[in-house]
Amino acid sequence: MRRRRRGSCGPSWRTRSAGLAGRGLTALTRSPRPRNTPRTPWVEPHQEDARASNLEGSGMKIGIIGAGNIGGNLTRRLTALGHDVSVANSRGPHTLTELAEETGATPVRVEEAARGAEVVVVTVPLKAVPDLPKGLFDAAAEDVAVIDTGNYYPQQRDGRIAGIEDEGLTESRWTEQHLGHPVIKAFNGTYAQDILDRHRPAGAPDRVALPVAGDDEAAKAKVRALIDELGFDTVDAGGLDDSWRQQPDTPVYGLRAGVAEVRKALAEASPERPAAFRG
């Protein structure tokens, strides 16, 4: 369904320091809406309160495509947890020597990043997604889960993408179509430094929850379990067509809060694309 466009009388804007998925771009946030502003009703598809169970064992093979803020810090944490991480960027393995020496990750070409991987994280600017190699996941594990951390910044970085703006595709649905493989949307509203600094053990009162959206329930469960292992709770944010609820400028975007607050923020999201995020 095509989303409605916001008119010229949208909310006021302010900038805040970045660190969200998207290579450290400055994030735009809205001032609070009036209390009586109507919201689109939303109910979490799976109302379970329990977090996803821990992965059985460790040492999964994980590929990370993109070594910016989010990709670099995921590389650091996942290797520290004992996973076998291959990391790639657009400039080639020789530019990843320092990260490899720091973490023990294996620097590879983009074409090799998914080889044998059980999880692949795609964390590149949206405008770079169509340039990723075809058949990227052909040599991945049969049940590979692909995580998309991307955000659409038309004015700041990506230019106008017609599929998102004219056809009403969610950002991750557009990415999925270009990748030719189902994706799970996660980490797109997470501050990169929080991956290193804000992980907490299960049950900690200040444990942050992250929204996770996707259509493949098995892949989503694998991603939620991995996020739990990383030290964060998760909230099922619905299918990929519902993932607009966690796109830039929604209440949950950049939110550092627990499960209840994240559910509330998802419920309060508006499907209208704000002016600052239209090309």
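The model is predicted, so local features need pLDDT of at least 70, side-chain atom pairs count only at pLDDT 80 or more, and totals for chains, interfaces and linings use all residues. Residues are numbered from 1 along each chain as its sequence is written, and side-chain values use heavy atoms, with hydrogens and water left out. Helices (H or I, at least four residues) and strands (E, at least two) are DSSP runs, numbered from the N terminus.

**Nonpolar cores**

- A nonpolar core is a set of buried Ala, Val, Leu, Ile, Met, Phe, Trp, Tyr and Cys residues joined through side-chain atoms within 4.5 Å.
- Buried means under 20% relative accessible area, exposed over 50%, and partly exposed in between (1.4 Å probe, protein chains only).
- The largest nonpolar core holds 29 residues. Those with the most contacts inside it are Ile62, Ile64, Leu74, Leu78, Phe187, Val223 and Ile227.
- Elements that each supply at least two residues of this core include β3 (61-65), α1 (69-80), β4 (84-88) and α7 (217-230).
- Helix α7 gives the most to this core, with 5 residues.
- Another core, of 26 residues, lies apart from it; Val120, Val146, Leu179 and Leu240 are among its members.
- Contact means heavy atoms within 4.5 Å. Not counting residues up to four places away in sequence, Leu78 touches Ile62, Ile64, His83, Val85, Leu226 and Leu230.

- Thr79 sits in helix α1. Thr79 is buried, at 17% relative accessible area.
- Beyond its neighbours within four places in sequence, Thr79 is in contact with Val85, Thr103 and Ala105.
- Thr79 and Ile62 are 17 residues apart in sequence, and their C-alpha atoms are 9.4 Å apart.
- His83 lies in the loop between α1 and β4. His83 is buried too, with a relative accessible area of 6%.
- A polar atom of the His83 side chain lies 3.1 Å from the backbone nitrogen of Met60.

**Helix α5**

- Helix α5 (residues 171-179) has 7 of its 9 residues buried, so it is largely enclosed by the rest of the structure.
- The buried set is Glu171, Ser172, Arg173, Trp174, Thr175, Glu176 and Leu179.
- These buried residues pack against β6, β7, α4 (162-165) and β8 (184-185).
- Gly180 follows α5 and has a positive phi, near 70°.

**Asp158**

- Asp158 lies in helix α3 (residues 154-158). Its relative accessible area is 9%, so Asp158 is buried.
- A polar contact is a pair of N or O atoms within 3.5 Å; within protein, one must be able to donate a hydrogen and the other to accept it, and residues adjacent in sequence count only if both atoms are side-chain atoms.
- The side chains of Asp158 and Arg157 are joined by a polar contact of 2.8 Å.
- The Asp158 side chain also reaches the backbone nitrogen of Lys127, at 3.2 Å.
- Asp158 and Pro125 are 33 residues apart in sequence, yet 7.2 Å apart in space, C-alpha to C-alpha.

**Cavities**

- A cavity is a set of points, on a 1 Å grid over the protein atoms alone, where a 1.4 Å probe fits but cannot get out; lining residues have an atom within 4 Å of a point.
- There are 5 cavities of 30 Å³ or more. The largest cavity has about 140 Å³ of space.
- The largest cavity is lined by 17 residues; Gly189, Thr190, Leu210, Pro211 and Leu255 lie nearest its centre.

How values were computed:
1 Å grid on protein atoms, 1.4 Å probe; cavity = no way out; pocket = protein on both sides within 12 Å on 5 of 7 lines; lining within 4 Å. Points joined across faces, edges and corners; volume = space filled by probe spheres on them.
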